[in-house]
Amino acid sequence: MQKLLVVTLLCCCAVASQAQADDVDYSQNPRVPQLLERLREDDGFSEAQLKQVTDALADAKRLPQLIVQEQKAPERTETWTQYSKRVDTSRIRAGIALLQDQRDTLERAEEEFGVPPAVIAGILGIETRYGRITGGVRVLDALATQGFEHPTRSKFFFSELVEFFALCRDQHFDPRQPKGSYAGAMGDAQFMPSNYRRLALDYDGDGQADLWSLPDAIGSIANYFTHYDPDWRWRAGQPIAVPATIHGDALPDGAVANTRDHFYYVRDLEHAGIKPAVDLPGDTVVGLVDLLLDGGGHEYWLAFPNFYAIMTYNPRIYYAMAVTQLARRIEAEASASP
Ligand SMILES: [Ca+2]
């Protein structure tokens, strides 16, 4: 017990000295003039509005630990066995409750955009537990730190920082207020600022696209799936993925999984010993999904275009499969107990 206390105190000291070392004034960063120029040119910011941006940047805090977190994203370190624990009883039950509580909004979104209620629930469930955990990091701090200093993705985050200031101007947010994920994603739907500006909808008609409100998040997710990437938009009425078995211990030579660059005819896969769990016409075009399990085993799925539509939301295979399986479970259990 005594030992534990000592360790805790040491940790506190380490945090305190780190905070001091990270005390920087981002309003003095050499790239600020470029940021202000983009807001002036692209979004018509006035001098007074630009001054507000500079003032906010002076208040931004450097959060270097976010860069480490980015590299340790769970999709890069976990097996599917571990990642898939997100599809648990509590998420399934809360998803079924969402289908009931937001029935009218979800039905309207399906009618307008063709995205089924269970898929929207699956996204909300995996992203934020249906709006309950939307992130506690100030978006200003997350985007300034990574926009000015991320070793590999600073261009992306810098651009999102510009969009964030424009979003705050448009939505009348104080840039110091919005909180989100370490990446700067906001609200129940976890939109980055550029997507918030382009694709968020005011779906409850109160005059503001508020992604921290479930109705707006539901309409915005459906709108995202229809308009974010025309090549990989949601295809109404089509399936997402089906399980498959393979003959032998591994995929046959030449079969490439977990990318949207390689697609196969089902008949060719069957010929190579890869069989879908349900009968599919031989000319059906599918991608291959190969999920690594604890102990080195594998689980295989055949993916339809809608699986890759989910990957436009987050480009990780595990993420798209977790959304897929959560949606399937919510839909199956909701229809079993109406
Ligand atoms: Ca609204």
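This is a predicted model: local features need pLDDT of at least 70, side-chain atom pairs count only at pLDDT 80 or more; totals for chains, interfaces and linings use all residues.

Phe191, Tyr224, Phe225, Tyr228, Trp234 and Tyr313 together form one aromatic cluster.

A search of the whole structure returns 21 aromatic pairs. One of them joins phenylalanine 156 to phenylalanine 157 in an edge-to-face arrangement, with 5.0 Å from centre to centre and 70 degrees between the planes. Are these two residues buried or exposed, or something in between? Phenylalanine 157 has a relative accessible area of 0% and is therefore buried. Phenylalanine 156 has a relative accessible area of 33%, so it counts as partly exposed.

Another pair consists of tyrosine 224 and tyrosine 228, and this one is stacked: the centres lie 4.6 Å apart, with 5 degrees between the planes. Both tyrosines belong to the cluster with which I opened. Tyrosine 224 is buried, at a relative accessible area of 4%, whereas tyrosine 228 is partly exposed, at 32%.

Threonine 105 sits in helix 8, which runs over residues 103-113. Its relative accessible area is 16%; because the limit for a buried residue is under 20%, threonine 105 is classed as buried. Which residues does threonine 105 contact, once its neighbours within four places in sequence are left aside? They are Tyr203, Pro215 and Ile218.

I now move to the chain as a whole. The protein chain contains 16 helices and 7 strands. Its C-alpha trace spans about 65 × 55 × 40 Å along the principal axes. Why does the radius of gyration agree with a compact globule? For 338 residues, such a globule would have a value near 20 Å, and the protein chain has 22 Å.

Among contacts in the protein chain with a separation of 6 or more, 70% are between residues 24 or more positions apart.

Finally, the surface and the charges. The protein chain exposes about 16,800 Å², of which carbon and sulfur atoms supply 51%. There are 33 positive and 47 negative side chains in the protein chain. The centres of these two sets lie 5 Å apart.

Thank you for your attention.

Key
Residues are numbered from 1 along each chain as its sequence is written. Side-chain values use heavy atoms; hydrogens and water are left out. Helices (H or I, at least four residues) and strands (E, at least two) are DSSP runs, numbered from the N terminus. The radius of gyration is taken over C-alpha atoms; the globule rule is 2.2 Å times the number of residues to the power 0.38. Contact means heavy atoms within 4.5 Å. Accessible areas come from the Shrake-Rupley method with a 1.4 Å probe; for residues, only the protein chains shown count as cover. Lys and Arg count as positive and Asp and Glu as negative; His and the chain ends are not counted. The place of a charge is taken as NZ of Lys, CZ of Arg, CG of Asp or CD of Glu. Rings of Phe, Tyr and Trp (its six-membered ring) pair if their centres lie within 6.5 Å; planes under 30 degrees apart count as stacked, over 60 as edge-to-face and the rest as tilted. Buried means under 20% relative accessible area, exposed over 50%, partly exposed in between (1.4 Å probe, protein chains only).
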